[in-house]
Number of protein chains: 2
Amino acid sequence: MAAMFTAVSQRSFHATNVRDFAHFNLRNNVNSFKNISYPLNVRRLRQNDCNSNLLVVNATAAPGHTSQGNESNYDDDNENNRYLKTQVEGLLETIKWDEKGLVVAIAQHIDTGAILMQGFANKDAVSRTLMSCKATFYSRSRSSLWTKGETSSNFINIADVFFDCDRDSIIYLGKPDGPTCHTGMETCYFTAASDFVKNPNVEVKRQPLTSLYSLEDTIYQRKSDLADLNFRKPSWTKKLLDDQKLLCSKIREEANELCQTLEDNEDKSRTASEMADVLYHSMVLLAIKNVKIEEVLEILRARFSKSGIEEKNSRKGKD
Amino acid sequence: MAAMFTAVSQRSFHATNVRDFAHFNLRNNVNSFKNISYPLNVRRLRQNDCNSNLLVVNATAAPGHTSQGNESNYDDDNENNRYLKTQVEGLLETIKWDEKGLVVAIAQHIDTGAILMQGFANKDAVSRTLMSCKATFYSRSRSSLWTKGETSSNFINIADVFFDCDRDSIIYLGKPDGPTCHTGMETCYFTAASDFVKNPNVEVKRQPLTSLYSLEDTIYQRKSDLADLNFRKPSWTKKLLDDQKLLCSKIREEANELCQTLEDNEDKSRTASEMADVLYHSMVLLAIKNVKIEEVLEILRARFSKSGIEEKNSRKGKD
């Protein structure tokens, strides 16, 4: 006996199984999932939209168990779509479209914060983005909607959409499937004014890196310098990359010093400085292991859609 | 005998004294600072622009020392301004201005990556931004230039400007002096589509937080929950916030486990997972000490404008 469950989550939620999903909804007091104590077999689990995180689960009670009638039953999910569309239409009414019916739409990477690209969006583009979770724009040159990724398959999977104070500029916050720029670069922004001003005849491709990624870039640069025997410029980072025993002793030492700022009630500026040490030395280790900070942040994003204790209990090999 | 030194640095450089400045330029092979072995007394140190990081130092040889004639001498710095203006004009020629002579200009926080605001810029606005290091836009409603901060004093201090592949969209990457939005919010984006869709009648103000800041926000939320005796929902974060001995033992343990992934040559997915643990637990400590991750990143940005070993040697109390 199939039954359809529907729930609205508080924020982006990545259900990997219906049990997680059910637990999540229990915590969020979603009626349709209350009191489900019997195991479920999922037939279909589908994220119905990105912004309200409306999720539709098509599931049956597991063999040997009987559905106890706490779930909501739907013939189909048209009802959810209808509800969502009405709400989205209400939202679109509040936006200040320009004389061409457009707003500026900026796609931003949810893990790194990188500005991926900027386009324009009309009512249909924002609506489609909200309903499909794929960043969609309006092409002024082709006078048509286009979903980023429809030809390259590098979609931008939207977690939420934000509006500015004037309601004429929006952010599509999401995770790209691959490089966003048609040139193959991660983002469309790779020409720095400073490089041009220094030498207009040399084309340097460089993304606008914020501090964390600028540090990561520097560390990876040192790693690549290390392989170059002709490049003998001294660097503490190279020393650490080259001496893993030293690096590990530094990471342990800096973590200890960070703790001491709390234990010894030191000034908060000491805490900030020691945290900078922990972060820097750990990132050198990440570079040795070829791990990008983006991967770490993706893990944290997935973890913190659940509560800490639940998440902690769910991981293997942890206390 | 006063002498003027000029140099172009590779990236944003915050000289706190002329000695740092000279060292920096020696590394970057800037002729005017080569072979300066005598101490200098700075009379004036001025960042002449943001993008090429042209810096002007007015200094004299310290008492008891004689200038050895290696420096360049200028009567005034007009020559630098003239050089910069010519380069900037060349750059502006490459931009694809729309039919109104505008491009979209997005201001982004250099430490957090937050999109602060979006406006439009004409040739003069981009030029003024590049020459003054203050984010400057063109107001379409007032038909005039405006520098963000000219009334509020919350300037956005630009480190660099980036152009997209189509040359019709630019990023002003910089550090704001204070909240950017006229409403007092950190950024102009604080309305989430998901909140509106859930309940259009309740205004929720929420910034588009990327993963690191979303985690920080969650931790600070737990900290505030902890003070609320009526709010008894269990949480591992609250447990850590409440038990500093446990927290410190976890930070040391996770740092150790991160090192072990290198020492025991474990899979890189273990490294990413352990780094996530280190980051999360450390950020709980930061929350107890009221330190924001932005402050930590600001420290790292300042440090990594110098080489590691130099920086390391320059810090007190470190090995």
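Buried area is the accessible area, taken with a 1.4 Å probe, that two parts lose on being put together, summed over both. In this predicted model, chain A and chain B bury about 10000 Å² between them. Carbon and sulfur atoms account for 65% of that area. On the side of chain A, the three residues that supply more than any other three are A:Val197, A:Leu262 and A:Lys289, with 7% of the area that chain A buries against chain B. The contact takes 121 residues from chain A and 120 residues from chain B.

The symmetry of the pair comes next. Chain A is superposed on chain B by a rotation of 180° with 0.0 Å of shift along its axis, and the RMSD is 0.0 Å. The two copies are therefore related as by a two-fold rotation axis. Among the residues of chain A, the one that comes closest to the rotation axis is A:Gly113, whose C-alpha lies at 2.6 Å. Of the interface residues of chain A, 99% are also interface residues in chain B, so the copies meet through the same surface.

Now consider the polar side of the interface. Between chain A and chain B there are 42 residue pairs in polar contact, both residues being at pLDDT 80 or more. Helix 7 of chain A (residues 244-263) gives the most to the side that touches chain B, with 16 residues. By class, that side of chain A has 58 nonpolar, 32 polar and 31 charged residues.

Side chains of opposite charge can pair when their charged atoms come close. Over all chains the count is 32 salt bridges, and 10 salt bridges are found across the interface of chain A and chain B. One salt bridge is formed by B:Asp277 with A:Arg303, where the closest N and O atoms are 2.7 Å apart. Another links the side chains of B:Lys100 and A:Glu99, at 3.0 Å from N to O. B:Lys100 lies in the loop between helix 2 (78-93) and strand 4 (103-109) of chain B, and A:Glu99 in the loop between helix 2 (78-93) and strand 4 (103-109) of chain A, so this pair joins two chains.

Strand pairing also crosses from one chain to the other.

A:Thr136 has A:Thr147 of strand 7 as its bridge partner. The hairpin of these strands has four residues between them, and A:Ser143 takes a positive phi near 50° there.

Notes: Residues numbered from 1 in each chain as written. Chains lettered and ligands numbered in written order. Predicted model: local features only at pLDDT ≥ 70, side-chain atom pairs only at ≥ 80, totals over all residues. Heavy atoms only, no water. Contact = heavy atoms within 4.5 Å. Salt bridge = Lys/Arg side-chain N within 4 Å of Asp/Glu carboxyl O. Polar contact = N/O pair within 3.5 Å; in protein donor to acceptor, adjacent residues only side chain to side chain. Nonpolar A, V, L, I, M, F, W, Y, C, P; charged D, E, K, R; others polar. Least-squares fit on C-alpha atoms with pLDDT ≥ 70 in both. Pairing = 2+ DSSP bridges.
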